Amino acid sequence: EYMGTSRVVFMAAKIQIQLRGLVRAALERHLYETAIFYADKLVGLSCPAEPSEVYLLAQALYHTAQYARAVHILKAHDTLRRSLDCRYMAARCLLAAREFDECLDVLREEPDELEMSD
């Protein structure tokens with residue numbers, strides 16, 4: 001049974017690597033709806049989701065003007081206190097949505113251990 005579990009973990013990791021590549025390739029080609037599709041699958045596979053993966057999804061949502069959805073996803077995965085990139089993306093989305101007070105609140109919030117995404 002141990003061998004079966006390790007094989008599943010290995011396969012999941014391999015799928016995550018492939019999905020990250022697909023998301024990045026779609027973003028580079030400005031295929032934002034495609035990037036959203038794959039990034040959503042990527043975020044759904046990891047529990048808890050990595051901030052860098054949530055950032056990719058939020059970035060694709062930002063490019064399709066889905067600002068409220070991007071902020072919701074960033075907050076739902078508790079990335080704002082853990083990732084400077086996610087915090088910056090939330091601020092960009094809130095600024096684009098003209099939610100100036102909330103944008104300032106996000107930028108003023110005390111961070112935990114911030115990490116930079118890849």
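This is a short tour of the model, stop by stop, with what to select at each one.

Before you click, note that this is a predicted model, in which local features need pLDDT of at least 70 and side-chain atom pairs count only at pLDDT 80 or more, while totals for chains, interfaces and linings use all residues. Residues are numbered from 1 along each chain as its sequence is written, and side-chain values use heavy atoms, with hydrogens and water left out.

**Stop 1: helix H4**

Select residues 67–76, which make up helix H4. Helices here are DSSP runs (H or I, at least four residues), numbered from the N terminus. Color Ala70, Val71, Ile73 and Leu74: these are the buried residues of H4. Buried means under 20% relative accessible area, exposed over 50%, and partly exposed in between, using a 1.4 Å probe and protein chains only. The four cover an arc of only 160 degrees around the axis, so they sit on the same side of H4; the arc is that of the directions from the helix axis to the C-beta atoms.

What covers the buried residues? Helix H3 (51–63), helix H5 (84–96) and helix H6 (100–108) are included in the cover.

**Stop 2**

Leaving aside neighbours within four places in sequence, Leu74 is in contact (heavy atoms within 4.5 Å) with Val54, Ala58, Thr79, Leu80, Cys86, Met89 and Ala90.

Leu74 also belongs to the largest nonpolar core, which has 32 residues. Such a core is a set of buried Ala, Val, Leu, Ile, Met, Phe, Trp, Tyr and Cys residues joined through side-chain atoms within 4.5 Å. Show Leu27, Val54, Leu57, Leu61, Leu74, Met89 and Cys93, the residues with the most contacts inside this core. Helix H1 (2–28), helix H2 (32–45), H3, H4, H5 and H6 each supply at least two of its residues, and H3 gives the most, with 8.

**Stop 3: Leu61**

Next, go to Leu61 in helix H3. Leu61 is buried, with a relative accessible area of 0%. Not counting residues up to four places away in sequence, Leu61 touches Ile36, Gln66, Arg69, Ala70 and Ile73. For scale, draw a line from Leu61 to Gly4: they are 57 residues apart in sequence and 36 Å apart in space, C-alpha to C-alpha.

**Stop 4: H5 against H6**

Select H5 and H6, which pack at an angle of about 170 degrees with their axes 8 Å apart. Axes are lines fitted to C-alpha atoms, for helices over the stretch in contact, and angles run from 0 to 180 degrees between N-to-C directions. H5 and H6 are therefore roughly antiparallel to each other.

Show Arg87, Ala90, Ala91, Leu94 and Leu95 on H5, then Phe100, Glu102, Cys103, Val106, Leu107 and Arg108 on H6, which make the contact.

**Stop 5: the loops**

Most residues other than glycine have a negative phi, and most peptide bonds are trans.

- His30, in the loop between H1 and H2, has a positive phi near 60 degrees and is exposed, at 55% relative accessible area.
- Asp78, in the loop between H4 and H5, has a positive phi near 50 degrees and is partly exposed, at 34%.

Key. Parallel < 35°, antiparallel > 145°, perpendicular 65-115°, else oblique.
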